[in-house]
Amino acid sequence: MTELTIALSKGRIFEETLPLLASAGIVPQENPEQSRKLIIGTNRPHIRLIIVRASDVPTYVQYGAADFGIAGKDVLIEHGGQGLYQPLDLNIARCRMMVAVREGFDYAAATQPGCRLRVATKYPDIAAEHFANKGVHVDLIKLYGSMELAPLVGLSDAIVDLVSTGNTLKANHLQAVEHIADISSRLVVNKAALKLKYAAIQPIIDAFAAVIEADEAA
Ligand code: ATP
Ligand code: PRP
């Protein structure tokens, strides 16, 4: 039997991936939220899951430490996607990449020619490209989380972050001022693994695709 390793992150991606895995007949033996184990077996003895940070999934797959994985488009844009085949948009973990500022902040004035906008973000490549396309000069400040705090304490004028319900922005008296991109999670497959382990991997891709098609038709 061909050994397969699947890279997943804990939290929303793991939860939303369970039905997809089930459609391919794969059931994890443990819940990573309750276990400290980083390698989790499945009901299929030759298939295992590795639990990594969401932003590390493309790296594990790129280097072949995992045969495939699931990663947000946000993470994939920042990673660059080298060595990865991206056959499916799984339509899970859906959200929007937005620019947000404090309520009442004059964003139009702050983005006039000659101005420099201070932008805090976990996504410097996405932010740099967005503002370059608009011709707005920015100073980017790299953060690893809780971006919403930055404008509240004077670290930045604006943030580039993910928004889903909008509750986090609202709770922190911020408002979205620009939509950069719609985000969802993708299946990412190591290109060499797809060739070498095609017979094992392609049926899983097909099973995932069938679930997405059925969801879209519903
Ligand atoms: P890391 O642990 O690497 O810092 P993270 O904390 O952003 O990553 P998660 O919060 O599990 O990891 O998010 C995983 C993916 O889910 C993100 O890359 C993004 O594509 C998507 N996502 C993030 N926030 C939301 C949200 N509020 N609603 C829906 N999807 C989201
Ligand atoms: C994400 C994102 C926002 C929040 C938006 O954070 O960075 O803070 O979700 O979601 P909302 O619009 O539904 O409020 P997450 O929950 O992943 O926290 P983390 O980045 O600290 O892991």
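I start with strand 6, residues 95-102: six of its eight residues are buried, so this strand is largely enclosed by the rest of the structure. Buried means under 20% relative accessible area, exposed over 50%, and partly exposed in between, with a 1.4 Å probe and protein chains only. Helices (H or I, at least four residues) and strands (E, at least two) are DSSP runs, numbered from the N terminus.

A word on the source: this is a predicted model, where local features need pLDDT of at least 70 and side-chain atom pairs count only at pLDDT 80 or more, while totals for chains, interfaces and linings use all residues. Residues are numbered from 1 along each chain as its sequence is written, chains are lettered from A and ligands numbered from 1 in the order in which they are written, and side-chain values use heavy atoms, with hydrogens and water left out.

Which strands pair with strand 6? Pairing requires at least two bridges found by DSSP. Strand 10, residues 174-183, runs antiparallel to strand 6 and is joined to it by eight bridges. Strand 9, residues 158-163, is also antiparallel to strand 6, with six bridges. Met97 stands opposite Ala181 in strand 10 and opposite Leu162 in strand 9.

Now the packing. A nonpolar core is a set of buried Ala, Val, Leu, Ile, Met, Phe, Trp, Tyr and Cys residues joined through side-chain atoms within 4.5 Å. The largest one has 31 residues, of which Leu90, Leu187 and Phe208 touch the most other members. Helix 9 gives the most to this core, eight residues.
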